[in-house]
Structure formats: C-alpha cells, structure tokens
Amino acid sequence: MSTVSALGKQRTSVRPARILLHVFLAGAALAWLAPLLWAIYAALRPYSETSEKGYVSWPDTLTFENFTNAFTQSDMTHYFVNTLIVSVPAVLLTLFLSSMVAFYVSRFDFRINLALLLVFTAGNLLPQQVIITPLYRLYLLIDLPGITMSGKLYDSALGLILIHVAFQSGFCAFVLSNYMRSLPHELTEAALVDGASVWRMYWQIVLPLCRPAMAALATLLSIWIYNDFFWALVLISTGENMPITSALNNLSGQFFTDNNLVAAGALLTAIPTLIVYFLLQRQFVGGLTLGANKG
Amino acid sequence: MTNADTTIEKSGNPEAAAVPPPGSAHVPAKKVPQGHKRLLTARDRFALGLMAGLPTILHIALVWVTALASILLAFTTWDGIGFDAIQWVGLENFKELFTNNPQFWPAVEHNVVWFVVLILIPTPLGLFLAVQLDKKIRFSRVYQTAFFLPVVLSMAVIGFVWQLVYNPDTGLINSLIGANEPGKYIDWIGDPDLNLWAVLIAASWRHTGYMMILYLAGLKGVDPSLREASALDGANEWQTFKNVIFPTLRPTNTVVLVVTIIEALRAFDLVFVFNGGAEGTELLSILVTSNIIGESSRIGYGSAIAVVLLAISLVVIIPYLISTFRKERQA
C-alpha cells in the first residue's frame, strides 16, 4: 500500500490495496452510520408493531406516521420558530460585532490590541458552566418590562441572543482578525490617505473582502446556535419559550414509552442542521479548520 | 489555528510615513506617530472606539464579569434571595467540596477519564481515517460525510439516538445479544459500572469525525515533495507516516490536544440527556448545573465547583494562547 507517488509504474501494484481500502472504508462508514440508520428504522415503524414483534424484526409496514405525529402532537413548528427567533439575530449580530473588533485589532496597531484579542479568545474557550451561576442570577435581576414576555432578561429570546453573541464573538473575532491581517494593508492605507472614514474602510473595503470567512463562520454559527442545549436549558424556564433542541428533552418526557415517536422527533430536529450541512459543506468544514482552537 | 502568512502592521511603516498626513493637525505630535494611526481624525477615533467598545463591553460583562463573580461567590453562601443574604465564609465551600461531597471526586475522575478516552481512541482513529481519506481515492467525500455526520448533530439528538441503541428492553444491543428479557437485562444506562463507558462510546462517535476533519486539514498542508522524497528513499507507508508526515502535523496535534481537553471539561449535554448525570456519570459541569436547575439553590457552593472547573480550564487555555499569540507576533 504505497501512497500517491510520482512513479507511474507503482500504479498497477496499488490496485488490490485500493480495493481493500474501499471495502474497509465502505464497511466502516456503514458501521458509523448504524446508530442513525437504526433511529430512522425505528421511527419508520408503527409503535404497535414493534411492541409486539420487538425492534429487531422484519417490518410489516413502514410509515411516516411517527414523523407526522411527532410534528403535530408536539407543536414542533412553534419550537422551530423559537429557534429561528434566537438564532438568526444571534448569528448576524455575532458576525457584525466580531468583525468590528477584528477590524480594530487587525488594521490598526493600538497598544490594547493583543490584550483585547486575548480576552475574546480566552472567553470563548471557557466551559459554559464556569459562568452560568452568576449569569443566571444576573438575568433574573435585569428587568425589561414590556420588552420581553417574561419582563426579565431571564426566560426570554433576547437573553439567549445576548449570551450567544457574547460567547461566540470571541471565536469569530479571533478567526476574522487572522483573516483581515492576511489582506494587503495598502488597501486601507490608500483609503485612509484619500480621507475615507474608518467606518467606510470597514464597511466598504474590508468587510466585502471577508465574505469567504464570514460565510464559513455563518454556517458554523448557525449549526452551533441551533444545536445549543445548555443555555436554553438554564436560561429559559417556560417550556413554551424553549428552542427546539431543549424542547425535545421535554417532549421525550411526554411520550417516553413510545421510542418510535421519540426517534422521529429527534430526527426531525436534526433535519435543519443536516440541510445546512449538505448545502454548505465546504463552508462548514472550512470554518471548523479556520479556527480550530474552538472547543 | 493561526494563519501562517499573517502580516502584522509594523509601526512606523515607511510608506505611510512618506505621505503627508492630512489629518495630522488634529493629533498632538507628542509621541512618535505609529503607522497610519496618526491619520485618524477625532471622529474616526470615536467611531473606532465604539466599534471595538460595544462588542467588548458585551463580551466582558457577560463572560468575564460573570467568571469573576463566580470566583467571588465561591467564598460565600447565598440562597439567591436578596443581596444581604450573601455571607462571606472563606474557604468553607471548598473544604466541604473536597472532603464532604460524595459526587465531587467521582466527577473529577470522570472528567479525566473522558479526556483520556477521547485522546486514546477517537483521536488516533480520526487520524487514521484522515490518512486513508487523504489518498485521493474515489468517493472520498461520501466516506468523509459518513464519518463527519455526527459532528453536525446536536449532543442532545446524539443522546436520544444512542438511547435507542442502549435501551435495556427495546435497544439494539440488548435485542441483538438476547439480553432484552427480564432477568437478563444489561442496563447500559442505569448501571454505574457501565454507563460512563456507554456514554463515552457515543461521545467518541462524534469526536472521531471532528478529529478526522482537523487532521485532514493538517494533512492537506503537508508538502507533497516530502512524500515523494520519502518514497524515492524506499520508505514504506508506515515509515513515511511515522518519520515524515506525523512530525509535520505538530501544529494540528497541539490544536487537537487543546480541543480535546476543552471538550472533556465541557462535556454536559450528552450525559444530561442520557441519564441526568446519575450515579456513574457525574461530571463537574453537571454538578454546577444541578445547583441552578435542581431544587437546591446553593449559589456559593455551586460557584466553588465552577471555580474548580475554571482553574483547570485556565491551566490549559493560558499556555495555549501564549504560544499561539507569540507565534502570531513573530509571523
């Protein structure tokens, strides 16, 4: 089994090894997907059938009924909307705020730059539980009558948006500042000499050039924020206000005996991230490796 | 990861200095002007201050002030009702935690086990898969997607999916091995000797794909001529990997190590969904959280656990950031 080689004569000897490798990878990939395929299989079978014949059995009927039931019985649309209300503003705000910080630290040489970037980057690496107790108390203290449904920052979409933005902007500021540094600085220098304001430099020159990095981060952030379980679990108390991932935890309690329905519900929540991933695979993977310091 | 070819704007850039600065009248000429900073008008400075200031205030207020508050609260007792109820107790919380909490040392141990397992099993496995997929074979994208798919799912969903595998009477494993009848049950989720390993298999399932992607990116950066030279010297595949490829992956290895430690410290969702962190699967993160969403509201005590978590995290984060930023400065 030799690796890619410039020597043409080796290609013939590579063949059997290649086939072996394909057999191995195909087998491993299938085994890797087994838990997911098992969940899909369970979700496709009626509860009555599996309770009678057991889950490991040939199917008499395969139906999407569990999916439609999970969707309607648990009012999933409502929770999807909750997630949307949190994640769309959170992603946009994170990108906007962190790109401004990145612009500041990467295009100018203020003394504070390194410290600022360190604060952001280190903050993002902390485990969330380190800050949750005071944050929870703080959210309970902040009164926002009329602005949020709960009248507080606690138990509100706004509260979730703020902590997502604060936490994730550390990662994005780090990645974007690296990216901005790689842009030729003559660009902004010339603009500055021409009398352009810093805002114009940021908005019209630097930001448009950061589009690839922004796209990668947007993909990554959407998936992370969509998948968030912890912040919503602690900072949201009303079941109604929960985003989809943490709502699922409550839902599973409601139909805990019916594994098929739980499987269908869990798979339904995963669909949006899977769509984003399959459509924007390159951006997602690019984003992960762009700032691999992320925990 | 830092960009190797990042350029830091040097102070006293000759190009900028050669141009007569139109805005220089506004700037006091006391210090030697650095770079193009002296071109900034007062309005620009104000705008810049806002641009960096607002995000910084938000980040510091919600992340660092709360982290600091955790440290302060760790030395107090508080039931969360009214600020006058906060009482300074010194090291009492820590003393109780270290000597009198039956869940604390198991939790520390499980966090360590979590790290050791992730670094010993999914990490080499991810590296192995990455090396295989880096061979420019057909369907590489299909295989990659299969291994990577779990990373896209939320930990909560992964928890539900694996419950279907582990469930004592209806789960895949027990059904296959015939342990799904009363009397024969293997309780993967409830047995304190088994549940940590069961949940770690699910965690490893996800972690492998993550590691694979990081290593694939690292391998893409390996100079192809190194491989050719090694092949010409007659090295076999393993020798080439061990002596040529692996040493060049050092930056990736550092990132992998840091990512894995932080994942081990952050572990929460999967266990919470799996069995709520019951006996056998205690984790520091679970202990902190149960002080908030559980019945007891012992804020000082919960904060003391958070401080332990913070201390361990900083031991990893600080050296990593120092080395990362030092490299960046030199670039």
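**Exercise 1. Find which helices of the two chains each supply at least two residues of the lining of the largest cavity.**

Solution. In chain A these are helix H7 (157-181), helix H10 (211-227), helix H11 (230-235) and helix H14 (281-290). In chain B they are helix H4 (104-120), helix H9 (195-220) and helix H12 (250-266). Helices here are DSSP runs of H or I with at least four residues, numbered from the N terminus.

The model is predicted, and totals for linings use all residues, while local features need pLDDT of at least 70 and side-chain atom pairs pLDDT 80 or more. Residues are numbered from 1 along each chain, and chains are lettered from A in the order in which they are written.

**Exercise 2. Describe the largest cavity by its volume and its lining.**

Solution. A cavity is a set of points on a 1 Å grid over the protein atoms alone where a 1.4 Å probe fits but cannot get out; lining residues have an atom within 4 Å of a point. The largest cavity has about 620 Å³, the space filled by probe spheres set on its points, which are joined across faces, edges and corners. Its lining has 30 residues, and A:Gln128, B:Met155, B:Arg206, B:Glu263 and B:Asp269 are the closest to its centre. By class, 17 are nonpolar, 7 polar and 6 charged.

Terms used:
Heavy atoms only, no water. 1 Å grid on protein atoms, 1.4 Å probe; cavity = no way out; pocket = protein on both sides within 12 Å on 5 of 7 lines; lining within 4 Å. Nonpolar A, V, L, I, M, F, W, Y, C, P; charged D, E, K, R; others polar.
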